[in-house]
Amino acid sequence: MSLLEEELQSEADESHGAAATSPAALTAFRRGASGVIVPIITTVIAFIAGGLIVAATGHNPLTTYQSIFNGTGLNWLFPWVSGSERATAATNLQQTLLNATPLVLVGLAVAFAFRAGMFNIGGQGQYIVGWIVAVWIGSSFSGMPSLLHIVFAIVAAAAAGAAWAGIAGVLKATTGANEVISTIMLNWIAVWVGVYCFQLGGPLHTHNPQLSTTPVSNSVVAGAKLPVFWGSATLQGLDVGIFISLALAVVFGLLIKRTRLGYEARTVGFNPDAASYAGVNVGRTWIRVMLICGAFAGVAASLDILGWKFNLYTNDIQVSQIGFYGIAVALLGRNTAGGTVAAALLFGALLTGTSDRNIHLSIDPTLVQYLTFMIEGMIILLVSTDVITLRLLKGGRRIGIAFKGRRNKEATASQDGAS
Amino acid sequence: MSVGTIAVTPSRSVSPKQVGIGGIVVAAIAWVITIPPIESRGMVPSIVLAVIAVAAGAWSIAGGERKIGSEAIVVALFAVAGAAASVNSATATLESVFTWSALVAATLRYATPLVFAALGGVVSESSGVINIGLEGMMLMGCFWGIYGADLLGSWVWGLVVAMVAGGLLALVHAFFSINLRANQIVSGTGINFLALGITGYFLEYHYGPNGTPLNISQVPNVKIPGIQHVGFFGAAFGSANLMTWIGIALVPALTFYLFRTRAGLRLRAVGEKPRAADTVGLSVVRIRYWAVIASGMLAALGGAYLSVGFVGSFSNNMTNGRGFIALAAMIFGKWRPWGALWACLLFGFGNAMSDRVSSVNPTLGTLFEALPYVLTLVAVAGLVGRSRPPAADGIPYVRE
């Protein structure tokens, strides 16, 4: 887990650099900066590569990217955009943030596992069981007080996600089953359980007689819907879910850095044998970490359902790729809270900007959607190793090395060697 | 453990492990007797057998074989549930689900793409490179295979183009895993997304919204003259696809290559002890490169079977997770070709069953879709602890 080592190393450096102006502090500052710069350069490279493919197939990458950008609604931030264009931009930006809301949490679900040295490919399955439970609770109990109902649905979805991820954690801790395989299997089981629940004749299929031939769930009752604070409440305006999401990102940061579990998780991620020798119960840590990962994914799903989706089609379950986006988000965000939020915004924007309704220029919208996958693939590939981007940064890095103390020299060696 | 414990342990002619395995077999029989051709209509024999299996499992656990023992108990529980399901179904229903010849034929159909990809996984991981990008490499073969067959007018060329495409994507994985020493699981995940993007993009670019044209040259089925019309064998094996037979033939071939030839032993040496292999003059980098590329080509053939071999068209994300199943099959099969084949056949059987069940009861059929994954989960939990991946699997080699 070279990424983890690097991450822990850079963190250690940061904390050591508290006494300012020392050479070590200077290095720490540069290293901290490269923690931001490397992902940015990675993203830029991926976009350029995507642009090359667009160009190679006879389209103009600049107008394509401009169209995607406008589709994301980020042009709302420009004061000169006005009138109907501004209204469209606002709607698009709400979409972007709606997309980013669950991505932050699914990203955290992957990131926390990474911190503990595990690869949670199961964000997808944990998210799907969260979906199932959230839509089930949200569409039942119609007499419940609104706030209670919302909290109930979110907590239940979190518990479902946690239980689902917990299976993988328990199997790893007790039998040594590799979590990569078990979470992949759990993803597929979740998909088919979901399809089973909401298909025609399934146990949770809608009671609405008009939808008797549509494989869909019941709709979430009015009381369980999250309040919308920006845009239309009926046409997918932005709901308060995003604040829950951001708050949980802060919780994640505190959990990692300020709690015993976070410390133990990082220790286990760094070296399970050493952690065990130091008295950490490795198996228990794995289980707890997976439970929390699953809870994050479950909450993500509930915010989706209670915020704007309101019902669930079997097709949604079968085509959803969010767990895999979560991997990209976590990796690009370097498994930190802030990084994950930033990466989730990027992917949320990319998803909105490339959806068909937002592309109305020279290029076929379907092509642009696949461009998202390619860019995402490039980003994941590039973050799997930092060597490429680090080499680009080499010029700046050399200056840093001149100031480095012995400990930091070792750190650089291990970073460049192991990544 | 005290001396006393050893003293009271009687010397056994059978080990707890054998008893546990026996328990698993008995548990399976508890279910098998309720389906055609035996079709026991009462629960009693099944329950008796299941109880025996549970007892064997418990004894096995007491004897120290915790995993095998619990496996036997779990299988016994599944078997009782299965037996209850069959006993409570009408005979006609049972016979329509368990039309064995059709089940076998469908099992082979479903297993074929998995076999190629799982063998690809075996090659790559034997050399020490984890290949979670099998899914993406399959998808590349799936699309570029049909593109090649369409463009060049023959399924043979389709397969060639598929292998080239899968090999190229594998080359990317090799470059990242071997040269850049990337986290192989992460780069494999990237590979999968890249393939999803590339195939979707070029499907749209070349064929537009109408999709791939009809009447593209397809891999033929092999009509075996002797048994083609001979009852069970005819229906089960009489007209299987050429690629099914190639896939099955590859299993002994690959076993021979990996365990009996010089090149295969070298490949495994690199996966087990790269430093030692390097010391005696083998090029770890070159051997791993070829292994990863070969694995991409095999996975691509598996993908091409779906498009060029079976359906005759390509649709977006057509492999739909089969690469991951192949990966699981490889692990289930303990990183060995034969093991991978049996695991693929088991998964194929699960798919085939779910098809048959769907035709009788669509709602239940959906749940059966999940069965292979549940089985894998149980198996991975029970078996993988004892099987061992190649020692250097997933560890980038740094020359000193």
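This is a predicted model: local features need pLDDT of at least 70, side-chain atom pairs count only at pLDDT 80 or more; totals for chains, interfaces and linings use all residues.

Author: The account below takes chain B part by part and then turns to chain A.

Chain B has an average pLDDT of 87, and 96% of its residues score at least 70. Within chain B, helix H11 (residues 242-260) has the highest confidence, at 96, while helix H1 (residues 3-8) has the lowest, with a mean of 44. Over residues 1-8 of chain B the pLDDT stays under 50, and for that stretch the model has 1 contact beyond four places in sequence. For the complex, the predictor gives an ipTM of 0.81 and a pTM of 0.84.

Chain B is divided into two parts: domain 1 covers 3-89 and domain 2 covers 100-383. Taken over C-alpha atoms, the centres of domain 1 of chain B and domain 2 of chain B are separated by 33 Å.

Consider domain 1 of chain B, which covers 3-89. Helix H2 (residues 16-32) of chain B contains B:Ala28. B:Ala28 counts as partly exposed because it has 18 C-beta neighbours inside 10 Å, and a residue needs 20 or more to be buried. Not counting residues up to four places away in sequence, B:Ala28 touches B:Val75 and B:Ala79. The C-alpha atom of B:Ala28 is separated by 44 Å from that of B:Val284, a residue 256 residues apart from it along the chain.

The loop between H2 and helix H3 (44-62) of chain B holds B:Pro37. The peptide bond that joins B:Pro36 and B:Pro37 is cis, with omega at about 5°. Most peptide bonds are trans.

The largest nonpolar core has 239 residues. Those touching the most other members are A:Phe296, B:Ala118, B:Ala300, B:Ala329 and B:Cys344. Leaving aside its neighbours within four places in sequence, B:Cys344 is in contact with B:Ala111, B:Leu114, B:Val115, B:Ala118 and B:Ala329. Another core, of 19 residues, lies apart from the largest one; B:Ala30, B:Ala50, B:Ile68 and B:Ala72 are among its members.

B:Arg286 is part of helix H14 (residues 284-311) of chain B. B:Arg286 is exposed because 11 other C-beta atoms lie within 10 Å, and the limit for an exposed residue is 12 or fewer. The C-alpha atoms of B:Arg286 and B:Ala165 are 20 Å apart, and the two residues are 121 residues apart along the chain. B:Asn320 is found in the loop between H14 and H15 of chain B. Although B:Asn320 is not a glycine, its phi is positive, at about 45°. With 16 other C-beta atoms within 10 Å, B:Asn320 is partly exposed.

The contact between the chains takes 40 residues from chain B and 46 residues from chain A. On the side of chain B that touches chain A, helix H9 (184-207), helix H15 (322-332), helix H17 (362-369) and helix H18 (371-383) each supply at least two residues. H9(B) gives the most to that side, with 15 residues. By type, the residues of the side of chain B that touches chain A divide into 24 nonpolar, 12 polar and 4 charged.

Of the 419 residues in chain A, 54% are buried. Among contacts in chain A with a separation of 6 or more, 74% are between residues 24 or more positions apart. Helix H14 (residues 337-353) of chain A has 17 residues, and its span from first C-alpha to last is 24 Å, close to the 24 Å expected at 1.5 Å a residue. H14(A) is mostly covered, with 16 of its 17 residues buried.

A:Gln236 lies in the loop between strand E1 (228-230) and strand E2 (238-239) of chain A. The phi of A:Gln236 is near 55°, a positive value in a residue other than glycine. With 17 other C-beta atoms within 10 Å, A:Gln236 is partly exposed.

Chain A has a mean pLDDT of 83, and 82% of its residues reach 70 or more. The pLDDT stays under 50 over residues 1-21 of chain A, where the model has 39 contacts beyond four places in sequence. The pLDDT also stays under 50 over residues 395-419 of chain A, and there the model has 31 such contacts.

Methods:
Residues are numbered from 1 along each chain as its sequence is written. Chains are lettered from A and ligands numbered from 1 in the order in which they are written. A nonpolar core is a set of buried Ala, Val, Leu, Ile, Met, Phe, Trp, Tyr and Cys residues joined through C-beta atoms within 7 Å. Two residues are in contact if their C-beta atoms, placed from the backbone, lie within 7 Å. Domain bounds come from an automatic or database domain assignment. Helices (H or I, at least four residues) and strands (E, at least two) are DSSP runs, numbered from the N terminus. Ala, Val, Leu, Ile, Met, Phe, Trp, Tyr, Cys and Pro count as nonpolar, Asp, Glu, Lys and Arg as charged, and the others, Gly among them, as polar. The expected span of a helix is 1.5 Å times one less than its number of residues. pLDDT is the predictor's confidence in each residue, from 0 to 100.
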